[in-house]
Amino acid sequence: MTHPFTKLTTTASSKPPPPLITFTFLLILCIIGFYTLHHPYPSPATPPLRNPQTALHFQKTFLSLSSNYTVSSYLRDLTHHPHLAGTEPSLDTVRYVQSHFEQLKFNTHTVEYKALLSYPVHASVSAHFSNGTTVELSLTEKGISQNAILDVVQPYHAYSPSGSAYGKVVFVNYGREEDYRALEAAGVNVSGCVVMARKGSVLSRSGVIFLAEAKGAIGVLLYAEWDRLRGGGVERGTVMRGVGDPLSPGWAGVEGGESLDLEDSEVSKRFPKIPSLPLSFENAQIILGSLWGGFVPQFLNDLGRVNGGRVGPGPTMVNLTFQGKKKVATIYNVFAVIRGLEEPNRYVLLGNHRDAWTYGAIDPNSGTAALLDIARRYALLMRLGWSPRRTIIFCSWDAEEFGMIGSTEWVEENLVNLGAKAVAYLNVDCAVQGPGFFAGATPQLDDILIEVTKMVKDPESESGTLYDQCVRHPRVCRTSGCAMIQRLGGVDSDFASFVQHAGVPSVDMYYGKDFPVYHTALDTYTWIVGHADPLFHRHVAVAGVWGLLALHLADDSILPFNFLSYSDQLQENKDILSNLLDQRISLDPLTAAIKDLTSAAKDAQNEAKRLREQEHLGGVEILKIHDLNDRLMLAERGFLDTDGLQGRQWFKHLIYGPHDEYESKLSCFPGIADAISQSTSMSKKDGEALIQHEVWRVARAIQRAASALRGELT
């Protein structure tokens, strides 16, 4: 049987229409097309309700839906028991977060990875004093119940090698290069000794261990000064270099995928070769008080109250023993998606990690509770008629404590899509640690971050906003009159993979600078209620800033990015760099590149202003907005370099990333900072050439960002 459409199109007797009718029909089509182009009907691209007044209404409604009781209940549920990544109890938090998102009717799923994790089997430390006595130092924390002792993993350093170290003790202060220089000047040699260091803000835990190893130490004992405030807590943590699963460096550790052997050099170089353990402040003082030997005046602030500044070696000997096991475990990331109405292929991501060393009330589940409450409020907004312009993705990461593993594996697996579609990543690790609001950001997000703080109530005052607090206590906003927005060059939370590997604009925020129960068994719901945030008002404030930022980034027709803030930051850091370098090294390439970025940023700002002033947006203007948004979104990717940082190629960002953490006065330009450090052990000519090359690399990266912002080819 012949199909009727086939018959209709092949009938020989059909006559062509008269020319006049054809011309009239084409003319009508042209008129309709012209009218549609310049006077489009309401469509997903131009919804009638998408206007500033409606957006402000939903923002205010979002704030009004806050509930400190709800946040408190989420946190209490999440912290009933410890939930270390890769263990059976951690699955309860997976199910809890997943169930919460599903009950809100969000599109929810989990993504699993295989990762190498590290757990303790046995650990002990004994001190042998010059009078012949020996003391076994307890590694069990004080102030916790017998049940907690049984439930909580004992204090240890993840990825520390198994082994024993027996030798004289030397106190090395913070374990920095400058500390070892001070020891050398005092005639103290740490080779063959067990070094004791206090945890500082400059060197990471792994940095202390690796540097001690390089200096010839045979073991490390590490304590935190704020232990004395918490009555016996001991700080756990990882000593692995870098981020992500060590068996799949640069690619995701998926089931059935490539996995390196544990003995592979790419794997083994990430682990120290000498054993280490954490100690309580109390136990550290027992050892420090027994040291004789060298006198280092620079260390007096810490040692003066103990033994007059004597640092050893010895005569006290220490026997440090650690036995651990490394095993491949399954980790779980949980995601919930609110699909964007007009731009579903543009993603705004909100992320927090879920795993904890112990109960994790502050780190990280204060952030988890805030994330769940934002999701609850968004669900209520949707019932009131709100839908985001762009897609919002809630991310609950696993195994962050071992080295940002969950987020890193996911970023590596989705690198191309994130590069093409991710608008921004908004991270909260510990939502509340203590007093004072703090934030870190890539600079183009400074302005919108500051504007949002003007809408959120300051929980520390009867009236006023977080912005007012910032003005009263200048800690945060760097480019707009206060000094509080920090930068994201550290590797200390899940933003690292997004900024430093994928080039995604990011924000990190938290209430309180630090807290005395960090990574201890005392990080409980009870401690938060008693100390950090009794009424959970600070939690509400962080959730307010976090949620409002996401609303702006998801709903604003033009992305609220200001790259003039970026160029200002680059200029400020270039000026700092000029004071550190020899005049023979030219910074002219940097100067020219920053000038180019400033020009492109001004053009983008002016273009955004013109488009915002348009009363009626036709098809042409909508296309211009989409084009501008793409350029604003992609410009951050320009700062990436395919070769990455020398010796740490995974880190691609040449403006913000980890530098040679042993010694640097720069907070950005990690490649240049590394070159300056390396040049000290090279000939003058070779050292200057290395630094100059890194200056050129940064200049080219800034030029790439400027070109992306313009959207034009050369």
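Start by selecting D429 together with N352, where the backbone oxygen of D429 lies 3.2 Å from a polar atom of the side chain of N352. Before going on, note that this is a predicted model, in which local features need pLDDT of at least 70 and side-chain atom pairs count only at pLDDT 80 or more, while totals for chains, interfaces and linings use all residues. Residues are numbered from 1 along each chain as its sequence is written, and side-chain values use heavy atoms, with hydrogens and water left out.

Colour residues 343-353 next, and you will find N352 within strand β10 (strands are DSSP runs of E, at least two residues, and helices are runs of H or I, at least four, numbered from the N terminus). Is N352 buried or exposed? N352 is buried, with a relative accessible area of 0% (buried means under 20%, exposed over 50%, partly exposed in between, with a 1.4 Å probe and protein chains only).

Finally, select helix α20 (residues 563-580) and helix α21 (residues 588-612), whose axes come within 8 Å and cross at roughly 165° (axes are lines fitted to C-alpha atoms, for helices over the stretch in contact, that is, with heavy atoms within 4.5 Å, and angles run from 0 to 180 degrees between N-to-C directions). The two helices, α20 and α21, are therefore roughly antiparallel to each other (the term covers angles over 145 degrees).

Terms used:
A polar contact is a pair of N or O atoms within 3.5 Å; within protein, one must be able to donate a hydrogen and the other to accept it, and residues adjacent in sequence count only if both atoms are side-chain atoms. Angles under 35 degrees count as roughly parallel, over 145 as roughly antiparallel, 65 to 115 as roughly perpendicular and the rest as oblique.
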